[in-house]
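Please read the following report with the sequence and the structure side by side, taking one topic at a time.

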Amino acid sequence: MVAIPIIDIGPLVNNTPDAGAVAATIGRACRETGFFYVVGHGIAPETVATVFAMAHAFFAQPLAEKQKAAFSGPSGNRGWIRLGSEILDPGKPHDLKEAFNIGLELPFDDPEVVAGRPFRGVNIWPDIPGFRTAALTYYDACWQLGRILHRAFAMDLGLAPDFFESVFTRPVATIRMLHYPPAPPELIGDCLMRWTNDTYVSTPHKVVSPPGRHRYSVAFFLDANPETIVECLPTCIAPERPAKYAPVSFAEFLHSRLAPTYEPAPREGAVPA
């Protein structure tokens, strides 16, 4: 089994001369393992502890209370997703987890919300004191960290350090508070793999709950502005390495990944019309 690298990104966060070397280390991890841990990220431990406490508080509520913050559907991708509502792989059992999704904080009168644009909705907040503040503090810290990491990706790929900056101004970024009973599902992330023409690899991974115990996690997914076109980066294509994927808007790409997750599985013996 390949060890997952642990990378100190302090030089990136602080923009010191060693930032280029850190970017190269990150690039190597993206090519070889598709996964890495980071330390030196600058997110305060109390920020992390508080958002986990809020996740515990939310999932400990009675069903009726959680239902008040029910999921808005994949087009908005916000709110509580009840246990067994998602399925990653068609034909397999539904995922054994419940989740609470939080997206970019937008007001009701935001033009994209009013227009019903994909993945532009308002957050759904439970009636738990401090929940909204804790979630948005963590969201903003992870958003900033994600932009810093994309500077490293750009540097490693031979692009200008700020190459990705303009596509993360109003991102489709999501916090997922997750509660796993035993035997949780497999998770996959592959947009950056598509963007780099498979230069970076996407590694399937599993969340494993300790025997007889439940597990909680708070994941942050930083995805581009919905109108961003995901197409092969100029430094990831060559005559001997043609582009493998057609250009697609990020909204279309994400919809293609999310929609099957929430479609009900066909009944046994059913045939398509």
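How many salt bridges does a search of the whole structure find? The search finds ten salt bridges, and it should be kept in mind throughout that the model is a predicted one.

## Salt bridges

Side chains of opposite charge can pair when their charged atoms come close. Lys68 counts as exposed because its relative accessibility is 64%, and the cut-off for exposed is over 50%, whereas Glu65, with a relative accessible area of 32%, is partly exposed.

Another salt bridge is formed by the side chains of Arg132 and Glu105, at 2.8 Å from N to O. This pair links distant parts of the chain, since Arg132 belongs to helix 6 (residues 131-156) while Glu105 sits in the loop between strand 4 (98-102) and helix 5 (111-114), 27 residues apart. Arg132 is partly exposed at 41% relative accessible area, and Glu105 is partly exposed at 29%.

## A network of charged residues

The side chains of Glu112 and Arg120 also meet in a salt bridge, with 3.0 Å between N and O, and here both Glu112 and Arg120 are buried. Salt bridges that share partners join Asp110, Glu112, Arg117, Arg120 and Arg170 into one network.

## Two residues with positive phi

In the loop between helix 7 (191-195) and strand 7 (205-206) lies Asn197, which has a positive phi of about 60 degrees although it is not a glycine. Asp198 is found in the loop between helix 7 and strand 7, and this residue, which is not a glycine either, has a positive phi of about 70 degrees.

Are these two residues buried or exposed? Asn197 counts as buried because its relative accessibility is 1%, where buried means under 20%, and Asp198, with a relative accessible area of 18%, is buried.

## Cysteines

A search of the whole structure finds zero disulfides. Cys232 is in no disulfide, and the nearest cysteine sulfur, which belongs to Cys236, is 5.7 Å away; a disulfide would require the two sulfur atoms to be within 2.5 Å. Cys142 has a relative accessible area of 8% and is therefore buried.

Ile4, Ile6, Tyr37 and Val39 make a nonpolar surface patch of about 370 Å². Among them, Ile4 lies in the segment before strand 1 (6-8), and Ile4 counts as partly exposed because its relative accessibility is 32%.

Terms used
Residues numbered from 1 in each chain as written. Predicted model: local features only at pLDDT ≥ 70, side-chain atom pairs only at ≥ 80, totals over all residues. Heavy atoms only, no water. Patch = residues over 30% accessible without salt bridge, like charges linked within 9 Å, V, L, I, M, F, W, Y side chains within 5 Å. Areas by Shrake-Rupley, 256 points an atom, 1.4 Å probe, with all protein chains shown as cover. Salt bridge = Lys/Arg side-chain N within 4 Å of Asp/Glu carboxyl O. Helix = DSSP H or I, 4+ residues; strand = E, 2+ residues; numbered from the N terminus. Buried < 20%, exposed > 50% of the residue type's maximum accessible area, 1.4 Å probe, protein only.
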